[in-house]
Amino acid sequence: MKRRTLLQWIAGVAAILPFERLRLLAQPRELTPEAISALHEIAPTVLPGALGSARTRAVVDKFVVWTKAYREGAALAHGYGHPRLVRSGPTPVPLYVAQLAALEGEARARGGRWPALDQEARRSILDAAFTKAGVRNLPPRPSGQHVVTDLMAFYFRSSEANDDCYNAIINREVCRPIAITTMRPKPLA
Amino acid sequence: MPVYETDICIIGGGITSAMLAQKISELRPGVRIIVVEAGRSIFDVENRGRYRQRALDYNEHPWPGDYIEDQRAGGIISMTMAVGGLALHWGGACNRFSEEDLRLKSMYGLADDWPIEWSDLERFYCEAERRLNVSGEPSPHPEDRRSEPYPQGPIPLSYNLQILQRWAEQSGLKFSPLPMARNLTPFGGRGSCCVYDTCGEVCPSGARYSPDFTFRQLLQPKKIVLHDRTLVRRLVPHDTKSTIVAAQARHQDRPDDPIEYRAKTFVVASGYCWSAHLLLLSQSSRFPNGVANSSGLVGRYMNGHKFINATANIDDQTFPGQNMTHSLIAREYFRCRIDRPFVRHDTRVWESSAGRDPRLRSPEGKLLLGDELMADWRSRTKGSSVRLRAYVDVHPSADSRLTLDATNKNRYDDPMPKIEHRFDEKTLARDLDTKAHVLGVFNVLAKASNGRLVNSSEGDYLDHPGGGCRMGTDPATSVCDSYGRTHDHENLFVVGAPTTPTGGCTNGTLTFVALTLRSAQEIART
């Protein structure tokens with residue numbers, strides 16, 4: 001095949017291929033090892049210290065599982081009163097990877113890796129990142145706006161965090177005998 | 001064209017359809033019943049735990065495919081269209097109306113009376129409670145006397161609700177656990193409640209009643225035939241007689257092939273929206289305004305109740321998350337003295353975490369991270385938030401309508417319904433006084449435990465809607481009689497929510513079911 005013919009063929013194929021789909025296919029569908037590593041580094045900053053390292057790691061690991069089990073195009077809750085059909089958007093993973101890379105880049109620009117920064121530097125970086133992503137409040141569950149607020153929501157909106165906050169075994173939305181709910185919740189051990 | 005012949009053709013597959021089919025099959029063993037439902041059957045009970053978890057984790061809808069994309073109405077409160085209907089994901093509240101609801105005209109000169117005696121309806125409330133296995137505590141008000149006890153004792157109050165009951169009763173109102181169709185022990189092939197606390201979305205144990213269980217139980221011994229994913233588009237009247245001879249339908253997989261159902265009796269059990277819609281769609285040269293519509297009232301007097309919400313902050317300590325779907329109810333204001341300005345409403349109390357959830361920023365705008373966020377959250381958990389709500393009795397005007405919307409059509413080119421609620425003049429005239437009264441009650445409640453209201457709001461839709469085929473004794477002012485038999489067609493019935501002349505001031509489902517069971521008795525007899 002002559003070079004010109006090859007170029008014409010490539011141009012022809014390119015014209016008919018759904019580029020957006022190709023672009024999406026080229027993006028990561030799962031968090032990369034580097035992204036997961038970055039998330040582990042950031043987690044102790046944004047999750048309570050009382051969790052300790054093991055629980056903090058577990059929260060991140062479960063969040064990674066959450067990202068893997070995300071389904072695109074799933075029908076979301078219709079709502080009641082003013083129902084409407086809404087479907088889940090594309091996986092947030094590519095955005096997450098980019099956001100984590102940007103946070104790492106910002107940390108490097110300030111002189112080192114994330115753990116080496118002081119608290120105010122971390123806050124400043126995250127504050128700017130959240131503002132850029134349009135995050136104003138902690139979402140009720142991971143929403144795909146920013147990976148760090150989604151990690152925070154993943155923990156802080158959980159039944160586990162509710163128990164941690166109230167220092168009580170409430171077990172919100174956890175299947176349990178109804179009789180247990182009639183008593184004042186016992187404190188966490 | 002497939003033609004199905006049957007004794008009774010029930011159009012619609014929600015809770016009233018389930019109750020109707022169940023009771024008729026008991027009263028008339030061997031009678032042929034076909035239930036035709038536009039939506040699909042979702043009988044995979046074994047998957048509900050997984051669906052629930054994905055709803056919690058991802059906000060996914062826990063009833064996959066329970067809607068038909070092009071079968072959309074304006075002004076509806078839920079998109080669900082499936083076997084089980086809206087009661088697949090109702091909360092299970094089973095409050096009764098009160099005698100005043102049936103006597104608004106004669107007692108207060110308002111709206112219209114229902115053509116039923118309270119003592120008559122009360123018997124069917126008892127039956128509805130038995131069939132739904134309602135858990136409840138008798139009302140402390142003598143006017144709410146019952147002829148039978150609840151089939152189950154009340155749902156045990158959570159620690160939080162015990163605290164809130166003590167708090168709320170300092171107002172002088174008496175609060176009871178909300179009656180609910182929730183199994184405390186296994187019943188009717190369904191499990192017992194283990195406080196998943198997602199009753200309003202999905203109940204994995206089946207403790208909260210949902211009609212899919214009843215349909216499955218009727219299908220197995222072949223007491224009914226269920227045709228799901230089949231949309232009835234027209235009722236066909238006899239050329240000369242006053243009967244309906246057929247229902248014309250299409251199956252979702254064969255949209256070009258008409259199906260016909262021929263039956264001795266047709267029952268429209270399609271809820272507040274699709275019942276009137278079907279009657280209006282069934283136009284012919286003899287009935288240019290649709291069937292059962294000689295009064296011109298099909299699609300009119302659409303009703304429901306308004307609701308007013310508030311949040312109170314109190315000093316008493318609760319632990320949000322114990323049983324957030326259960327509540328307390330006071331029926332004090334179901335009654336209104338005839339020498340006082342008219343106002344009727346229920347009064348409800350829930351545990352709540354409103355205003356006390358974790359937040360990303362301090363009031364000054366500082367980004368909160370890790371320990372700071374947890375400390376901020378903890379600092380706001382002292383005391384409790386309390387969710388308050390009142391369902392308010394409002395009355396529709398004749399212009400409160402469901403109409404055919406020519407700008408919104410489905411795949412068959414049928415105009416979809418559009419609901420626009422309107423109130424009668426007296427309701428509008430007392431609106432401000434009603435709001436002031438309800439907020440006054442909330443303020444009295446809030447005073448105990450150093451409490452105060454921190455916000456209030458008014459719902460922007462009518463809840464528990466009904467109407468559109470209202471019942472009455474006069475064919476000139478109503479669509480059907482008290483059994484739901486249409487005045488115009490002796491073998492056509494409408495049951496449940498559409499037949500209600502007014503919407504009451506508390507959850508409507510138990511009333512819709514009680515009315516339907518009463519209709520079932522009549523349909524089985526004829």
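Visitor: Which strands does the six-residue hairpin join?

Guide: The hairpin runs from β5(B) to β6(B) through six residues. Keep in mind that this model is predicted.

Visitor: In which sense do β5(B) and β6(B) pair, and over how many bridges?

Guide: Start with the general idea. In a regular strand, side chains alternate between the two faces of the sheet. Now the case here. Strand β5 (residues 230-237) and strand β6 (residues 244-251) of chain B pair in the antiparallel sense, over seven bridges.

Visitor: What does Phe266(B) touch?

Guide: Leave out residues up to four places away in sequence. Phe266(B) then touches Ile244(B), along with Cys9(B), Ile11(B), Leu235(B), Ala247(B), Asn491(B) and Leu492(B). Look also at the largest nonpolar core, which has 132 residues. Cys9(B), Ile10(B), Ile11(B), Phe266(B) and Val267(B) touch the most other members of that core. There is a second, separate core of 41 residues. Its members include Ile125(A) and Tyr166(A) from chain A, and Phe319(B) and Leu369(B) from chain B.

Visitor: How many residues does each chain give to the contact?

Guide: In general, the size of an interface is often given as the accessible area lost when the parts come together. Here, count residues instead. Chain B gives 41 residues and chain A gives 44. On the side of chain B that touches chain A, two elements give two or more residues: α2 (48-58) and α9 (371-379) of chain B. The largest share, five residues, is from α9(B). By type, this side of chain B has 24 nonpolar, ten polar and seven charged residues.

Visitor: How many helices and strands does chain A have?

Guide: Chain A has eight helices and zero strands. Its pattern along the sequence is α-α-α-α-α-α-α-α. Of its 189 residues, 27% count as buried. Now take contacts in chain A between residues at least 6 apart in sequence. Of these, 42% join residues at least 24 apart.

Visitor: At what angle do α4(A) and α7(A) cross?

Guide: Two packed helices are described by the angle between their axes and the distance between the axes. In chain A, the axes of α4 (residues 52-68) and α7 (residues 147-156) cross at roughly 110° and come within 10 Å. Angles of 65 to 115 degrees count as roughly perpendicular, so α4(A) and α7(A) are roughly perpendicular to each other. From α4(A), Val59(A), Val60(A), Phe63(A) and Trp66(A) meet Leu151(A), Phe154(A) and Tyr155(A) of α7(A). This contact has seven nonpolar residues, no polar and no charged.

Visitor: Which residues have a positive phi although they are not glycine?

Guide: Most residues other than glycine have a negative phi, and most peptide bonds are trans. Two cases to inspect are Glu173(A), with a phi of about 60°, and Asp413(B), with a phi of about 70°. Glu173(A) is in the segment after α8 (159-166) of chain A. Asp413(B) is in the loop between β12 (401-409) and β13 (415-420) of chain B.

Visitor: Why does Asp413(B) count as exposed?

Guide: Count C-beta neighbours inside 10 Å. A residue with 12 or fewer is exposed. Asp413(B) has 6, so it counts as exposed. Glu173(A) has 18 and counts as partly exposed.

Visitor: Where is Glu490(B) found?

Guide: Glu490(B) is in the loop between β15 (463-466) and β16 (492-494) of chain B. With 14 C-beta neighbours inside 10 Å, Glu490(B) counts as partly exposed. Leaving aside neighbours within four places in sequence, Glu490(B) is in contact with Ser242(B), Thr243(B) and Arg485(B).

How values were computed: Residues numbered from 1 in each chain as written. Chains lettered and ligands numbered in written order. Predicted model: local features only at pLDDT ≥ 70, side-chain atom pairs only at ≥ 80, totals over all residues. Core = buried A, V, L, I, M, F, W, Y, C linked by C-beta atoms within 7 Å. Buried ≥ 20, exposed ≤ 12 C-beta atoms within 10 Å, placed from the backbone. Contact = placed C-beta atoms within 7 Å. Helix = DSSP H or I, 4+ residues; strand = E, 2+ residues; numbered from the N terminus. Nonpolar A, V, L, I, M, F, W, Y, C, P; charged D, E, K, R; others polar. Pairing = 2+ DSSP bridges. Axes fitted to C-alpha atoms, helices over the stretch in contact; angles between N-to-C directions. Parallel < 35°, antiparallel > 145°, perpendicular 65-115°, else oblique.
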